[in-house]
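Trainee: Please take a close look at one part of the model, the pairing of oppositely charged side chains. I would like to know where the partners sit and what lies around them.

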Amino acid sequence: MNPYRTNTAGELRAENAGESVRLAGWVHRRRDHGGLIFIDLRDRWGITQVTFDPERAELFATAEKLRPEWSISIEGEVARRPEGNENPDLPTGEIEIEATKLRVLNESVTPPFEIDREREVDELLRLKYRYLDLRRTRMRENITFRHQVVKHIRDYLDDRGFLEIETPLLTASTPEGARDYLVPARLYPGQFYALPQSPQQFKQLLMVAGFERYFQIARALRDEDQRGDRQPEHTQLDLEMSYTTQDEVLDLIEVLYTEIVEELTNKKLAAKPFPRLTYAEAMDRFGSDKPDLRFGLEIQDISEIARSSEFKVFRGAVESGGSVRGISVGGLGDLSRRETDEITKIATDAGAKGLAFFKVEEDALAGPIAKFFSGEDQDSLLAALAAAPGDYMFFVADRNPVVFESLNRLRLHFRDRLGLADENTLALCWVTDFPLFEWNEDEGRIEPMHHMFTMPQEEDVEKLDSDPLAVIGQLYDLVANGTELASGSIRIHRPDLQQKVFSVVGIDEEEAERRFGAMLNAFRYGAPPHGGIAPGIDRLLMVLRDEPNIREVMAFPKTQAARDEMMNAPGPVSEAQLKELNIALRRAPGSERGSNPAARPSEGNN
RNA sequence: GGGGACGUAGCUCAGGGGUAGAGCGCCGCCUUGUCAGGGUGGAAGGCGACGGUUCGAGUCCGUUCGUCCCCGCCA
């Protein structure tokens with residue numbers, strides 16, 4: 001018999017009355033009535049009320065000393081609570097334990113914040129005392145839920161013949177993409193391992209190796225600045241299949257995600273099967289490759305009306321190869337000058353030179369530029385946007401990328417402003433047929449949209465030479481409520497085609513050999529056609545748990561400045577360690593921002 | 001790298017030129033049916049740090065450190 005507990009604090013019910021039990025856990029709350037003491041005992045599974053009777057003098061005297069977060073073990077009899085004293089808010093609320101023994105396993109100093117309350121606490125304090133923060137309901141539930149989702153994933157893939165295979169954490173640096181985290185190689189002075197941004201090449205090599213169906217709950221590391229949904233290390237479901245097709249990958253993930261949502265959450269799926277939009281369609285209708293499909297406000301192209309209008313800004317945009325597009329928004333009432341300025345700023349922040357808008361009146365359009373449009377043109381605009389009296393129409397005239405980005409941001413702004421999206425609905429959709437490459441303005445060169453192992457659509461292969469930017473890839477994203485949850489592709493499996501793609505992005509044979517030699521070589525040994533996907537686990541959990549930040553679904557995240565304030569990482573290392581690694585520092589530790597612990601604000605230490 | 005918000009008691013916050021306040025928590029005492037227990041008394045901070053303006057600075061100005069959010073960056 002376990003010396004601490006026979007049952008958990010979440011499982012005892014009325015039918016257990018009369019049983020002798022032991023429970024162990026923390027003092028959640030104490031209610032000392034002088035002549036009677038109630039202790040709420042908390043463990044991972046729940047809360048059970050324990051009573052201490054003054055007739056047992058010694059026991060009672062110990063119970064009087066109990067304080068929140070003391071670790072205790074109690075023994076006693078399960079008793080139905082007196083009539084009328086049940087607590088319907090507690091699963092164990094029909095019973096209580098009449099304590100006969102109490103062991104204090106460990107006292108607790110007063111915690112820096114209250115464990116039993118859900119109020120907001122400063123994030124730095126939460127992270128510094130993460131082991132206490134994790135005791136609180138929110139985090140305990142999130143981390144528990146995380147386990148359930150990952151378990152479901154493992155079972156699902158195991159059922160379908162997938163093998164979970166680990167790949168190295170110490171690997172080679174790949175200069176493009178995100179900045180690598182580097183690890184000095186002691187045995188090779190001046191050389192470094194890199195921590196993986198993803199197991200991409202390894203999983204493809206596992207296909208060459210014949211494992212056919214691979215997955216891994218893999219850590220992916222990127223040394224880039226943080227965001228609400230980005231951490232230095234995050235977790236992906238990395239997955240790859242041989243002899244597969246895009247549809248097969250999509251179906252596999254679609255069923256998995258449908259199960260997760262329907263079996264593990266109370267959320268509603270907006271549509272089953274998930275809508276599949278091409279990249280071109282998503283941009284056209286929503287101005288984004290990760291559209292939020294929970295609401296309308298779809299974008300309409302009015303370039304043809306603009307081309308013949310009197311309004312020079314509109315005409316000019318179309319004549320110089322851009323377009324004019326707009327959305328119609330109801331329910332805004334009458335916007336003040338200040339409000340229209342704010343809305344305009346959203347568009348200009350996205351690169352637009354301005355924002356054209358009209359208020360739709362009963363008989364005509366109103367607004368600063370209405371005078372440039374004939375009655376006929378006004379009717380055409382109304383018809384194009386299906387606008388009704390009381391609506392506002394907003395138009396952006398510019399190069400297409402600017403038009404799309406501006407209207408995308410406006411769409412999301414009105415979603416939030418007008419509460420158009422139901423929080424309990426998950427609009428999952430696939431976006432497919434992405435271009436294989438995109439043009440990098442800053443660097444003046446072609447780059448892969450996803451990565452350079454993506455297979456072009458068969459009919460576009462010949463365009464790799466003539467018009468690479470027009471080549472569509474066998475590339476797909478899973479999107480939920482405007483958030484990208486997964487990204488994948490069918491891969492190139494032939495060395496000649498891979499070499500061709502390398503050359504399009506400016507990697508010659510010698511460089512390809514040096515950096516991707518293993519893979520190119522592997523492809524010469526009958527590499528099977530293969531493809532896969534890599535869903536982000538953290539982002540999925542954020543969406544499913546309605547958490548505003550990725551830190552809320554990770555047990556031990558880093559701060560925005562990529563620090564671990566609990567473990568004090570990163571930190572300096574000894575001169576001896578550096579010497580062993582053949583590393584000389586260019587700057588002494590402590591000379592950089594944020595690197596001086598002594599400069600940090602002090603906080604309570606009770 | 002850039003922009004914004006914030007930093008006052010252990011926690012959450014109010015105060016905005018005249019010497020610091022609330023709720024919760026904490027400590028003591030009282031209370032036998034509470035479950036955000038109740039009552040009562042008490043301790044606790046000099047307002048992130050540094051420098052300036054002022055007779056006087058949480059309060060105004062500057063710098064700096066830190067946290068969070070956004071852009072850039074990043075799938």
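Mentor: A salt bridge here is a side-chain nitrogen of Lys or Arg within 4 Å of a carboxyl oxygen of Asp or Glu. This is a predicted model, in which local features need pLDDT of at least 70 and side-chain atom pairs count only at pLDDT 80 or more, while totals for chains, interfaces and linings use all residues. Residues are numbered from 1 along each chain as its sequence is written, chains are lettered from A and ligands numbered from 1 in the order in which they are written, and side-chain values use heavy atoms, with hydrogens and water left out.

There are 56 salt bridges in the structure.

Helices and strands are DSSP runs numbered from the N terminus (H or I, at least four residues, for helices; E, at least two, for strands). The two partners fall into separate accessibility classes: Asp116 is buried at 17% relative accessible area, whereas Arg29 is partly exposed at 33%. The classes are buried under 20%, exposed over 50% and partly exposed in between, with a 1.4 Å probe and protein chains only.

Arg285 and Glu281 give a local pairing, with 2.9 Å from N to O. Both are in helix 7 (residues 279-286), four residues apart, and that spacing is about one helical turn. Each is partly exposed: Arg285 has a relative accessibility of 27%, and Glu281 has 29%.

Beyond helix 7 comes a pairing across sequence. Arg415 makes a salt bridge with Asp292, and their closest N and O atoms are 2.7 Å apart. Asp292 is in the loop between helix 7 and strand 13 (300-301), and Arg415 is in helix 12 (residues 400-418), so the contact links parts that are 123 residues apart in sequence. Both partners are buried here, Arg415 at 15% relative accessibility and Asp292 at 1%.

Salt bridges also join into a network, made up of Arg126, Arg130, Asp133, Arg136, Arg138, Glu547 and Glu552. A cavity is a set of points on a 1 Å grid over the protein atoms alone where a 1.4 Å probe fits but cannot get out, and its lining residues have an atom within 4 Å of a point. The count comes to one cavity of 30 Å³ or more, and the largest cavity holds about 50 Å³. Volume is the space filled by probe spheres set on the points, which are joined across faces, edges and corners.

Glu69 has phi near 75°, a positive value in a residue other than glycine. Glu69 is placed in the loop between helix 1 (57-65) and strand 4 (71-80), and is buried at 4% relative accessible area. Glu212 likewise has a positive phi, near 65°. The loop that holds Glu212 runs between helix 5 (200-208) and strand 9 (213-221), and Glu212 is partly exposed at 36%. Glu458, in the loop between strand 21 (445-448) and helix 13 (463-466), is exposed at 67%. The C-alpha atom of Glu458 is 32 Å from that of Leu540, 82 residues away along the chain.

Two backbone details complete the picture. The peptide bond from Lys272 to Pro273 is cis, with omega near -10°, and Pro273 sits in the loop between strand 11 (268-269) and strand 12 (276-278). A cis bond also runs from Ala569 to Pro570, with omega near -5°. Pro570 is in the loop between helix 16 (537-545) and helix 17 (575-580).

Definitions and conventions. 1 Å grid on protein atoms, 1.4 Å probe; cavity = no way out; pocket = protein on both sides within 12 Å on 5 of 7 lines; lining within 4 Å.
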